Amino acid sequence: MIEYTLDSLSGVNSLKKLWVSGFDDTVSGFKTFIKHNKKNFRIYTAKNNGDIVAMLFHIPCEVKGEKAHYLYGATTDEKFRNRGIMGKLIEFSLFDAKNYGEKFSFLYPANDHLYGYYKRFGYERKCFSKTKTISRKELVHIAEYPVFCVSMNVQGMSRLRNENLLGNALKFSDDYMKYSVALTKNNGGYVVCSESGYALVEEDEYSQCVVSEMFCTNDDIFPLLGELLKKSKAENFTFSYPPSLKIFDDEDISEDGMVKFLSDTKLPEAYIGLRNL
C-alpha cells in the first residue's frame, strides 16, 4: 500500500538515491540542493512499505504579496512509474499547501512533453519570459564598458531582484538565490555583475553562451552586457529575462512554466525565473 506524507530529512539517504537516479545527477548536486534549501522547503514523499518510491519539494515564494510555492524535484523510482503514484503525490501536496495559506503553485516541466501531464492537475500555461538570441558582433554595438569592475554578493543579487521585479513575478528567498548561483557554478558556469544587474551564465563547446536569467535596472542594462562581453569569448548569446525588461529589439515572449491556482485569486500571467533544471 502506498502512503503519502509530508516528510522530513530523516530519510535523506533514500532521497539522495532517488535524486541521483531520477535526474541522472551527482551526489554533489543533491547535497547542493539540500544545503541551500533545507531551511525553507517542504518534502512530500510516497512510500511503499516504508520505502520512499517518489518525492517532490515545495519551495516557498511569493507573488504580488501572496504566498505561493515552486514545485521542484519531482521524481519516481523507475520500478514504480506509470502507476499514478506521482499524480496522487502532487494532489496530496497541493491540498496540504492550502494549509500554509498558499494561493499559487508554480513549476517548470522538465521537458515540453510534460506540459500535458501537469495540465491534468489543473496547471495552466500562463507563465512567460522574454528570450533573445544575438551575435557577439551585434552585442558589441550596444554594450557599454564600465571603467571599474563591480562585484555583487548573492544577498545583493537577491535583494536587487526582489525589490525591482515588476508585474506578477515570483520572489524567492536569499537561500534559493544562493542555490541558483551554486548550481550555475557546479555546471561550469559563472555569474556576471554590474552595479545594478546580474547574469547567470553557462557556455557550451559550440561557442554558445546561454544566460539562464538576466536581471537589472533599466539604466544598467548596457553596462551589464559590457561586463558579459569582457568575460565571455562566445560568438552567440541566448538570453532569458523577465517580460517587464525591455533590452533588445525584436524580443520574443515565450511560454515558460506553469501555474495552478489554489484559491479564487487569479493571475493573467506570471514570471518564474531562476530556472534550475
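This is a predicted model: local features need pLDDT of at least 70, side-chain atom pairs count only at pLDDT 80 or more; totals for chains, interfaces and linings use all residues.
Ground rules: residues count from 1 along each chain as its sequence is written. Local features need pLDDT of at least 70, side-chain atom pairs count only at pLDDT 80 or more, totals for chains, interfaces and linings use all residues, and side-chain values use heavy atoms, leaving out hydrogens and water.

**Exercise 1.** Work out which strands stand at the edges of the six-stranded sheet.

Step 1. Get the order: β7-β8-β9-β10-β6-β11, an open sheet with mixed pairing. Strands are DSSP runs of E, at least two residues, and helices are runs of H or I, at least four, both numbered from the N terminus; two strands pair if DSSP finds at least two bridges between them.

Step 2. Look for single partners. β7 (190-194) and β11 (252-255) each have just one, so one side of each lacks a neighbour in the sheet.

Step 3. Zoom in on one pair: β8 (residues 197-203) and β9 (residues 208-216) run antiparallel, joined by seven bridges. Glutamate 202 sits opposite valine 210 in β9.

**Exercise 2.** How do the axes of α1 and α2 cross, and which residues make the contact?

Step 1. Take α1 (residues 12-23) and α2 (residues 27-37): their axes come within 9 Å and cross at roughly 125 degrees. Axes are lines fitted to C-alpha atoms, for helices over the stretch in contact, with angles from 0 to 180 degrees between N-to-C directions.

Step 2. List the contact (heavy atoms within 4.5 Å). α1 brings Val12, Leu15, Lys16, Trp19 and Val20, while α2 brings Val27, Gly29, Phe30 and Phe33.
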